[in-house]
Every structure is written in structure tokens, then in C-alpha cells.
Amino acid sequence: MKVIVVKDYEQMSDKAFEIMKQVVVANPNGVLGLATGTTPIGLYKRMIEDCKQGTSYKNIKTVNLDEYKGLDVTSDQSYVYFMRDNLFNHIDIDLNNTNIENGKAENAEEECARYNALLEVLQQDIQLLGLGSNGHIAFNEPGTPFGSVTHVVDLQESTIKDNARLFNDISEVPRQAFTMGLKNIMNAKKILILASGANKAKAVYGMIHGEVTESLPASVLQLHPDCTLIIDEAAASLLK
Ligand code: F6R
């Protein structure tokens, strides 16, 4: 794993943008694996600015990591809403080329199978990831098998608490989500994982220096041949 330590969130977003732009320019018909959350917002802002300057996403396809079960675009807490609001509505991408699990699918098993089949066709040229404070990637919580593919997950209390800040009340945070599995993530040609802030420091340390274990899902990334981690000083504070 290549580790890049930068000063703060803005520098992390600058560096992430450099890498993302290289992929978009080299693969104008490529597939971007995208994430939601606070971490990638700075990167998305830079992509929007760059698109205004002429970089086109007209033929780019996207696959997102996860979606809350029970929410869809009609809810402003859904991840599909987040993606449109923070990126897709501001770039020249064709919304038909953007993919995310349908949180309101009637049959969850069928929805997981549909998404897995789609990921077989749309191998990610790059997969962007944030890091949970408990070491999760996407919604693969500690204990998730490395061989997992898209599935429905019961969110852990720590994740519900972390995400409650984006809801009016913690009781509104869905308790389940659809998520790409670790195998789907590892199938990406290139992985870019970002982490900022002291609350990520322990997970960052374990991910880089700990053993590769299902107790820390992000540790699986040590096994990927092309993975770059960009962290700010606070997230790097426990590293030697
Ligand atoms: C988001 C996702 C999550 C987040 C992680 C970090 O699609 O899959 O794994 O990347 O929870 O969240 P933030 O960026 O809000 O700290």
C-alpha cells in the first residue's frame, strides 16, 4: 500500500483529485467506484470545478459502494440523493450511467444479485473509499468475510452513531444498508482510500501496521496490488 501523508483535509482532497483526474483522462469511458460521506466532498468539489474547465464525464460510468435500506432518491438522506447533490448534478455525466443499490428494492436478495452482476460487467478502473472509525470500508463492518459480495448488512451501533450527525435524530438512521462486499471492492483495478481526522487514527494504524484480519475490514487492502492511502496529519498521528 502506498501511503501519502498530507497536512489537512484540503491537501488530502487536492492529492486525491490529482489521482482521480489521471484515471478519468486516461479512461474517458471508464468506470469510477464512488463513495459517500464527509471524506470525498472536497474531492467532488474539485471534480466539479475541473469539469467546468473542460474535463468531460459524458461517457464515464459510476458504481457506488452502498445505500441505506429503505431510502431512495426521494429522501435527502439517501446516498443516491447525496451523489446527485454533491457531484452528478454538477458535472456532464449521464445519470443513466450512474449506479447504486436500490434501497427500496422489494426483494433484497434479487437486488444484491442484480448489483453483483452489474459489477462483473463494470469493473472499477478506480474505487474510492472512506474509512470508518471502526475500520469498515463501504458498510462492511468488522467480521465481514473477505470473500463477501453485495449484501444487506445490519449497521453497528458505532456506525449508526457516526452517521447520526447527518440526520435530525439518531432514531432516524436506518439500521440496515446494502453494501458492496469486500471481494467487489478488491476487484477494482486501483483503490484510493482517504482518511482525515483524529477519530480515524486508530483504524489507519491497524489498516497499515496490523495483521490482515476480518476484524478490521480495511486491512484487506494490504493485499491489493495498487492501493493508495491519503491521510492528513491527524489521521496519521499514531503512525511512527
Ligand atoms: C460511504 C461509505 C462509508 C464511509 C465511512 C467514512 O459510502 O461506504 O464506509 O466512507 O463511513 O465516512 P465519513 O467520510 O463520513 O467519515
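## Close-up views of a predicted model

**View 1. A nonpolar patch on the surface is formed by M1, V3 and V5.** Together these residues have about 220 Å² of accessible area (Shrake-Rupley method, 1.4 Å probe, with only the protein chains shown counting as cover). A patch takes in residues with over 30% relative accessible area and no salt bridge, nonpolar side chains being joined within 5 Å; a salt bridge is a side-chain nitrogen of Lys or Arg within 4 Å of a carboxyl oxygen of Asp or Glu. V5 lies in strand β1, residues 2-6 (strands are DSSP runs of E with at least two residues, helices runs of H or I with at least four), and V5 is partly exposed at 47% relative accessibility (buried is under 20%, exposed over 50%, partly exposed in between).

The model is predicted, so local features need pLDDT of at least 70 and side-chain atom pairs pLDDT 80 or more, whereas totals for chains, interfaces and linings use all residues. Residues are numbered from 1 along each chain, and side-chain values use heavy atoms, without hydrogens and water.

**View 2. V173 sits in the loop between α5 (157-163) and β8 (176-179).** With a relative accessible area of 2%, V173 is buried. Beyond its neighbours within four places in sequence, V173 is in contact (heavy atoms within 4.5 Å) with Y68, I160, A164 and F167.

**View 3. An open sheet has three strands in the order β4-β8-β7, with antiparallel pairing.** Because β4 (66-68) and β7 (151-154) each have a single partner strand, one side of each is left without a neighbour in the sheet. Three bridges join β4 to β8 (pairing needs at least two bridges found by DSSP), and Y68 has A177 in β8 as its bridge partner.

Technical notes. Buried means under 20% relative accessible area, exposed over 50%, partly exposed in between (1.4 Å probe, protein chains only). Patches are made of residues with over 30% relative accessible area and no salt bridge: like charges are joined within 9 Å, nonpolar side chains (Val, Leu, Ile, Met, Phe, Trp, Tyr) within 5 Å.
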